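Okay, thanks for coming, everyone. Have a look at what's on the screen, and I'll walk you through a few spots.

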Amino acid sequence: MTTNDLGPVATLRRIAFLMERQREETRRIEAFRNAARTILPLAEQDVRRRADAGTLTELPGIGPSTAAVITDACNGVVPERLVALEQTAGPLAPAGEELRALLRGDLHSHSDWSDGGSPLEEMAMTAMELGHDYLVLTDHSPRLRVANGLSAERLGRQLDVVDAVNEHLGGTFTLLKGIEVDILDDGALDQTPEMLGRLDVRVASVHSRLRMERDAMTRRMVAAVRSPHTNVLGHCTGRLVTGNRGTRPPSQFDARAVFTACAEEGVAVEINSRPERRDPPTALLELARDLGCLFSIDSDAHAPGQLDMLDFGAARATEAGIDPDRIVTTWERDRLLDWAAARL
């Protein structure tokens with residue numbers, strides 16, 4: 001029997017994290033995260049007393065499976081579920097291990113303020129545990145109503161929360177202020193210039209009318225790249241190649257024109273690490289490389305465990321032979337912030 005030194009909350013979080021890395025069913029993952037939230041404010045002796053008495057399931061959000069995990073953890077035992085999951089804990093894409101070790105942060109992540117599944121504090125905590133120096137919080141902009149996009153007012157409130165989190169962390173890690181801003185049909189960005197100017201990093205992405213005619217899509221994307229508020233061009237083709245959302249063909253545009261604009265403006269082309277996206281496709285990734293673009297390897301995480309998907313992006317960048325210094329997420333925080341602010 002293996003000894004468990006994590007404690008019940010950490011054990012539940014670790015199980016959820018590893019399940020997210022493996023892209024298991026969201027409903028099952030949330031059972032473990034909800035159980036951790038339930039017992040987090042309780043005194044250790046109260047949790048242990050309930051575990052001994054078999055009354056954990058009387059608490060909201062705790063069922064037989066999570067109660068068994070908590071009981072094992074209270075008794076210093078590693079639950080069988082965690083034992084099995086730890087066997088999957090190695091690199092998700094070994095080909096990129098050397099580059100992955102150079103990555104200092106992640107410029108694209110979502111919290112439950114928009115369509116993510118966890119509080120921003122949980123995203124920040126997990127990024128710290130993964131060894132990040134920084135994480136940019138990039139919840140969606142208002143037009144994307146299906147993703148609960150943030151109005152200027154809600155975004156302003158979020159920025160105050162980010163300040164409070166950073167004050168609590170004391171400089172050991174920085175949660176940076178950002179947005180994944182929708183590129184509108186005419187290439188404008190879906191947030192006020194004032195709010196965009198208050199942010200550290202801005203990822204601009206197309207989420208609507210993905211089948212727009214090629215020339216119109218090219219004009220749309222180039223206009224967004226030329227905006228002084230754009231730092232990163234997110235998942236440029238919008239394609240989906242696998243996963244429970246089905247597949248979706250890539251948008252059609254003049255990639256040479258778009259990437260030339262990126263190179264001229266110092267806008268990074270995102271290497272989206274989500275395995276269902278693999279965006280840009282390999283041929284476009286190599287074109288952007290040859291045109292002199294900067295890159296950002298990002299997780300596009302909507303849950304804490306997905307932050308570790310940077311492994312996939314690092315492997316693709318390695319296979320494409322991209323110089324690590326052209327990848328802005330290898331840069332230390334102050335260099336990154338200076339680059340992001342330079343166009344304003």
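Quick housekeeping. This is a predicted model, so local features need pLDDT of at least 70 and side-chain atom pairs count only at pLDDT 80 or more, while totals for chains, interfaces and linings use all residues. Residues are numbered from 1 along each chain as its sequence is written, and side-chain values use heavy atoms, with hydrogens and water left out.

Back to the tryptophans. Rings of Phe, Tyr and Trp (its six-membered ring) pair if their centres lie within 6.5 Å, and planes under 30 degrees apart are stacked, over 60 edge-to-face, the rest tilted. That rule gives us 1 aromatic pair. Trp331 and Trp339 make it, edge-to-face, with 5.9 Å centre to centre and 90 degrees between the planes. Trp339 is buried too, at 12% relative accessibility. Then there's Arg335: its charged end sits over the Trp331 ring, 3.9 Å from the centre. For that we want NZ of Lys or CZ of Arg within 6 Å of the ring centre and within 35 degrees of the ring normal.

Next, strand β3, residues 174–182. Helices (H or I, at least four residues) and strands (E, at least two) are DSSP runs, numbered from the N terminus. Why call β3 largely enclosed by the rest of the structure? Because 9 of its 9 residues are buried. Both faces are covered, with Leu176 and Glu180 among the buried residues on one side and Lys177 and Ile179 among those on the other.

Strands pair here if DSSP finds at least two bridges between them. β3 pairs in the parallel sense with β2 (residues 134–137) over 4 bridges, and Leu137 has Lys177 as its bridge partner. With β4 (residues 201–205), β3 is again parallel, over 5 bridges, and Asp182 stands opposite Ser205.

Now the cores. A nonpolar core is a set of buried Ala, Val, Leu, Ile, Met, Phe, Trp, Tyr and Cys residues joined through side-chain atoms within 4.5 Å. The largest has 59 residues, and Leu175, Leu233, Phe259 and Phe295 have the most contacts inside it. A second, separate core has 23 residues, including Leu18 and Cys74.

Last stop: Arg278, in the loop between β6 (268–272) and α12 (282–290). Arg278 is partly exposed, at 36%.

Note on methods: Buried means under 20% relative accessible area, exposed over 50%, partly exposed in between (1.4 Å probe, protein chains only).
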